[in-house]
Amino acid sequence: MNNYSSRSLFASWPFYSRALKIALPVMTQQLIQNFVSLIDNFMVAGLGDIKMSGVNVAGQIFFNFLIVINTLCASAGIFMSQFKGANDKEGMRQSFKFKVLITGILGLAFSVVCFYAPRSLFNLMVTKNADAQAILDQCQAYSKAVSLSWIFMVISQSIASSLREIESVKAPLIISVIATLTNTFFNWVLIYGHFGCPRLEVIGAGYATVIARFVELILFISYIIIKKTPFLFNIIDIFKIKIDLFKKIFLKSGMILYSELFWALSETLSNALYNTRGGAEVVSGMASGFAIANLFFIAMGGIVTSVTVILGQELGAGNLEEAKSYKRWFLSGSVVFGTIFLLIGLLTTFLVPIVFSNLTIEAQKISKGLIIVAAIYMPLWAFLNAQYSISRTGGDTTMGVICDTVGNVLFISGMVLLTFFTSFNPVIMYAIVKISDVPKSTIAHFWLKKERWLVNLTK
């Protein structure tokens, strides 16, 4: 133990210093990715509301696939961090094999789906939108162009998450910088047709993503081979797996996947309902607002990663009493962290007229309103993410199922009622229904007091 009281609400600096050393590179990586995503949005926004809306409607469908991949990596990551604490290299290899095998199969399948995506798949998001047909034309073109990138992305994500879980956080950051700069450059070249290349517009944005993802994967594979990371395995041994461990991870994955997909479904449904409030200005306005909000949502990634790594290693090493204190310090620290990012979030509203000057004034107003609402919710969301991470790090995935079932039922019910019985604009709708996160956090608070998460999964 360090030289601070295990009963205190806040830890002394050494604890938070360790947490920040893990969180900051992760957040910086996400900031760079989100900032480049913002630049992507800026470049596509230069093509007008319709084409930006097409890319973002496709993105709303892609979002659900990313949830699945991130959940599978996070589920295996629970075991990866605990095996690291127990210094069990074979356990780490098995956790990594799970990620590569399962996400690889899903990545291949999703690439095929995106290439041959039927129009009806995307039509669900813009059924009653005034500009639906024009948006769908752009949506399909972008989906086909970007399809190959998913195969590269899932393997890169498996490697990057594993590196973070063993506290190797600098390499993913550096590789992310290179990949995102590559993406930005080829966006500029292919969207607008520079250096003698044809002007491909939304198709060019898709091709740029494929190139960047391929570069990223090559760099990640090269790094883990050169560094001989403890989870690295010989490719010919990829099918030598421990069935019992895979079953354990699958069980945890299933519970977390239920929670995350239910949440993703509610978000996707809400986007479809927002889109009924107008034309392309609503779709592009909400999309641009979320693109900027993602710049301060990086706080969540920092919290989740630091909790998973630090708390997971303590549990894996059998230090259960220390883990109890760490839980309290993470929860109190997350509120402070979220408040800081509330202020940062409010400041980002000034980016809207700069980055999205080509969007209509109405779209810009929607974007600013969404950013303000999201910023106000940041302390609550930071606290809620810390609660979920603590529970899942110890293998207690039941809490998330209960919280998300209650919260998302309230969320979806509220969205439907507001859509059919009010004339509120999408920003006000978003602000009201997100109150559903309060009962989720309340349930989590009382659940964590039972200490069901306090489990060493390596035994």
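The model is a predicted one. A search of the whole structure turns up nine salt bridges, and some of them are described below.

**Where two helices meet**
- Helix H16 (residues 398-421) and helix H17 (residues 426-433) have axes that come within 9 Å and cross at roughly 150°.
- Their crossing is right-handed.
- On the H16 side, Phe411, Gly414, Met415, Leu418 and Thr419 take part, and they meet Met429, Ile432 and Val433 of H17.
- Sorted by class, this contact has six nonpolar residues, two polar ones and no charged ones.

**A serine in helix H12**
- Ser334 sits in helix H12 (residues 320-347) and counts as buried, at 3% relative accessibility.
- A polar atom of the Ser334 side chain lies 2.6 Å from the backbone oxygen of Leu331.
- Leaving aside residues up to four places away in sequence, Ser334 touches Ile303, Ala382, Phe383 and Ala386.

**Salt bridges**
- Glu167 and Arg18 form a salt bridge, with their closest N and O atoms 3.2 Å apart.
- Glu167 belongs to the loop between helices H6 (149-165) and H7 (170-192) while Arg18 belongs to helix H1 (residues 13-45), so this pair ties together parts 149 residues apart in sequence.
- Glu90 and Arg93 also form a salt bridge (3.4 Å, N to O); they are three residues apart in helix H3 (residues 89-115), or about one helical turn.
- In helix H8 (residues 202-227), Arg213 and Glu216 are likewise three residues apart, and their closest N and O atoms are 3.0 Å apart in a salt bridge.
- Arg213 is partly exposed at 26%, whereas Glu216 is buried at 5% relative accessibility.

Definitions and conventions: Residues numbered from 1 in each chain as written. Predicted model: local features only at pLDDT ≥ 70, side-chain atom pairs only at ≥ 80, totals over all residues. Heavy atoms only, no water. Axes fitted to C-alpha atoms, helices over the stretch in contact; angles between N-to-C directions. Helix = DSSP H or I, 4+ residues; strand = E, 2+ residues; numbered from the N terminus. Left-handed = near helix turned anticlockwise from the far one by under 90°. Contact = heavy atoms within 4.5 Å. Nonpolar A, V, L, I, M, F, W, Y, C, P; charged D, E, K, R; others polar. Buried < 20%, exposed > 50% of the residue type's maximum accessible area, 1.4 Å probe, protein only. Polar contact = N/O pair within 3.5 Å; in protein donor to acceptor, adjacent residues only side chain to side chain. Salt bridge = Lys/Arg side-chain N within 4 Å of Asp/Glu carboxyl O.
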